[in-house]
Amino acid sequence: MDFQSRAKVTALGAYIPEKKLTNHNLEKMVDTSDEWIIQRTGIKERRISDDTEFTSDLAYKAIEDLVERFSVTIDDIDLIIVATITPDYRTPSVSAVIQGRMNLPETVGVLDLNAACAGFVYALQVANGMITTGQSQKVLVVSVEELSKITDYTDRDTCVLFGDGAGAALVEYNQKTTGFLGTYYGSDGKSGNKLYCTGLSDQFGPEKVDRKNYLFQDGRAVYNFAIKTIPRGIKALLEKSDMTIDHIDWFVPHSANLRMIHSICDKIGISREKALTSLEYFGNTSSATIPLALWLALKDDRLKRGDKLLLYGFGGGLTHAGVIIEW
Ligand code: ACO
């Protein structure tokens with residue numbers, strides 16, 4: 001890394017809605033099968049928020065879980081960064097809604113970040129930069145999505161993939177330890193039309209103008225982007241960090257598709273068993289898949305203090321970003 005990080009991830013939390021949507025439920029909604037979904041994606045079920053539960057509600061519950069699980073105080077945080085593509089409102093931001101709901105002082109900065117499935121990693125990078133350059137001391141990062149609210153449940157290409165969930169991380173100043181060992185990012189904006197949500201402009205999909213606020217993707221194109229670009233990005237990240245893949249205890253890629261993750265593991269030379277995932281029971285929750293995978297590994301004691309983790313997110317944009325952190 002070009003500078004010595006002074007930031008460390010000190011706590012994690014998560015929340016997933018109660019309601020399950022299984023592959024068998026989906027068989028009754030569109031022309032699909034449990035067998036197809038598991039074989040092509042690895043997903044068995046996903047969680048769906050109810051009509052009155054919004055992104056900031058999920059975020060708030062993930063923060064509550066973090067506070068309880070790690071017995072930390074967060075009254076003294078100075079910045080909230082929320083990564084999401086499904087904010088409650090266009091404005092105010094989810095981070096502002098949370099600051100208000102938590103009664104935090106007006107000296108707290110708030111910022112939402114849209115990097116789709118790479119959002120958690122980008123948000124960690126921003127937190128690391130803010131802390132290491134002395135602008136912040138204690139940053140709350142939340143990745144949270146309600147993809148069910150922008151999913152067309154008549155479109156089998158997308159509705160079998162997505163789910164809702166939230167993950168939160170506390171990033172703190174630490175003079176003694178270097179918590180961030182390397183960072184890397186990139187993008188391919190020219191391929192933005194391969195994965196998008198309809199909005200104000202309809203240039204990506206004029207034929208879909210009557211279906212505003214839905215996700216569309218060319219699954220095969222995104223798949224090919226991931227299995228080509230991500231191994232290259234990981235190699236660059238390791239080189240930049242003066243590390244090799246053998247230094248990594250856990251690989252935590254964006255949990256979109258198990259076949260894609262296995263292909264990436266094989267290409268970068270890490271055992272498939274060292275990949276932490278969350279897609280099996282939560283589906284693709286975009287920016288939340290990585291913290292949810294960490295949270296699952298924390299809960300069943302796979303994750304140990306001192307473990308070196310390589311996190312790599314990729315998705316809409318098209319964006320991608322990686323960090324190596326010591327837990
Ligand atoms: N059930 C049954 N059949 C289906 C379904 C379904 N749900 N969806 C598609 N099919 C059919 C297709 O119609 C096609 O049929 P055909 O051969 O008769 O034409 C066949 O299955 C194969 O379709 P493909 O799209 O080629 O299937 P593929 O093996 O590529 O799998 C998938 C599709 C799972 C979407 C895969 O491409 C993928 O995971 N892509 C990456 C998605 C991703 O990672 N998105 C990331 C970011 S998300 C974000 O940023 C918000």
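At what angle do the axes of helix 7 and helix 8 cross, and within what distance do they come? The axes cross at roughly 35 degrees and come within 9 Å. The model is predicted: local features need pLDDT of at least 70, side-chain atom pairs count only at pLDDT 80 or more, and totals for chains, interfaces and linings use all residues. Residues are numbered from 1 along each chain as its sequence is written, and side-chain values use heavy atoms, with hydrogens and water left out.

**View A. Helix 7 crosses helix 8.** Helix 7 spans residues 219-240 and helix 8 spans residues 258-268. Helices (H or I, at least four residues) and strands (E, at least two) are DSSP runs, numbered from the N terminus. Axes are lines fitted to C-alpha atoms, for helices over the stretch in contact; angles run from 0 to 180 degrees between N-to-C directions. Helix 7 contributes Y223, A226, I227, I230, P231 and I234 to the contact. Helix 8 contributes R259, M260, S263, I264, K267 and I268. Contact means heavy atoms within 4.5 Å. By class, the contact residues are 9 nonpolar, 1 polar and 2 charged (Ala, Val, Leu, Ile, Met, Phe, Trp, Tyr, Cys and Pro count as nonpolar, Asp, Glu, Lys and Arg as charged, and the others, Gly among them, as polar).

**View B. Y196 and F216 form a tilted aromatic pair.** The ring centres are 5.7 Å apart, with 35 degrees between the planes. Rings of Phe, Tyr and Trp (its six-membered ring) pair if their centres lie within 6.5 Å; planes under 30 degrees apart are stacked, over 60 edge-to-face, the rest tilted. Y196 lies in strand 9 (residues 195-197) and F216 in strand 10 (residues 215-217), so the pair ties together parts 20 residues apart in sequence. Y196 is buried at 9% relative accessible area. F216 is buried at 5%. Buried means under 20% relative accessible area, exposed over 50%, partly exposed in between (1.4 Å probe, protein chains only). The structure holds 3 aromatic pairs.

**View C. Arginines sit over the rings of Y60 and W327.** R101 lies over the face of Y60, 4.0 Å from the ring centre. The charged end of R305 sits over the ring of W327, at 3.7 Å from its centre. A charge sits over a ring if NZ of Lys or CZ of Arg is within 6 Å of the ring centre and within 35 degrees of the ring normal.

View D. G192 is in the loop between strand 8 (180-187) and strand 9. G192 is buried, at 8% relative accessibility. The C-alpha atoms of G192 and F204 are separated by 8.4 Å. L318 is in the loop between strand 12 (308-315) and strand 13 (319-326).

**View E. A cis bond joins T91 to P92.** Its omega is near 5 degrees. P92 is in the loop between strand 4 (79-83) and helix 4 (94-101).

**View F. N103 and A116 have positive phi.** Phi of N103 is near 55 degrees. N103 is in the loop between helix 4 and strand 5 (109-113), and is exposed at 69% relative accessible area. Phi of A116 is about 45 degrees. A116 lies in the loop between strand 5 and helix 5 (119-132), and is buried at 9%.
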